[in-house]
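Me: I am new to this structure and would like to learn how to read its features one at a time. Could you give me the general idea first and then the case at hand?

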Amino acid sequence: MSVIYLLLTLSILVALIFFIAFIVSVKNGQYDDSYTPSVRMLFDDELVKDETKKS
């Protein structure tokens with residue numbers, strides 16, 4: 001029974017470590033997308049042409 005308590009404690013500890021690492025990476029801008037906005041302007045014309053063909 002003590003093994004279950006040990007594993008439960010370790011799993012919660014590992015989950016907290018990953019959650020803290022995720023929060024730190026979000027605050028540091030790890031998931032900011034700086035590439036897509038610069039490329040989106042290259043494909044704007046194609047999107048406008050497709051919309052005019054549909055209507």
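Reply: Let us begin with contacts, which are counted when heavy atoms lie within 4.5 Å. Leaving aside neighbours within four places in sequence, Tyr-31 is in contact with Phe-22, Ser-25 and Val-26. This is a predicted model, in which local features need pLDDT of at least 70 and side-chain atom pairs count only at pLDDT 80 or more, while totals for chains, interfaces and linings use all residues. Residues are numbered from 1 along each chain as its sequence is written, and side-chain values use heavy atoms, with hydrogens and water left out.

Me: Where does Tyr-31 lie?

Reply: Helices are DSSP runs of H or I with at least four residues, and strands are runs of E with at least two, numbered from the N terminus. Tyr-31 lies in the loop between H1 and helix H2 (36-40), whereas Ser-25 has its place in helix H1 (residues 2-27). Just after H1, Gly-29 takes a positive phi of about 85°.

Me: How many aromatic pairs are there, by the rule for rings?

Reply: Rings of Phe, Tyr and Trp (its six-membered ring) pair if their centres lie within 6.5 Å, and planes under 30 degrees apart count as stacked, over 60 as edge-to-face and the rest as tilted. By this rule the count is 1 aromatic pair. The centres of the Phe-22 and Tyr-31 rings are 5.9 Å apart and their planes stand at 45°, so the pair is tilted.

Me: Is Ser-25 buried or exposed?

Reply: A residue is called buried under 20% relative accessible area, exposed over 50% and partly exposed in between, using a 1.4 Å probe and protein chains only. Ser-25 is buried, because its relative accessible area is 16%; Phe-22, at 41%, is partly exposed, and Tyr-31, at 55%, is exposed. The side chain of Ser-25 also reaches the backbone oxygen of Phe-22 at 2.8 Å, and, not counting residues up to four places away in sequence, Ser-25 touches Gln-30 and Tyr-31.

Me: In which helix is confidence lowest, and in which is it highest?

Reply: The score to read is pLDDT, the predictor's confidence in each residue, from 0 to 100. In the protein chain, confidence is lowest in helix H3 (residues 44-54), at a mean of 62, and highest in H1, at 97. Where pLDDT is low, the predicted coordinates should not be read in detail. Over the protein chain, the average pLDDT is 84, and 78% of the residues score at least 70.

How values were computed: A polar contact is a pair of N or O atoms within 3.5 Å; within protein, one must be able to donate a hydrogen and the other to accept it, and residues adjacent in sequence count only if both atoms are side-chain atoms.
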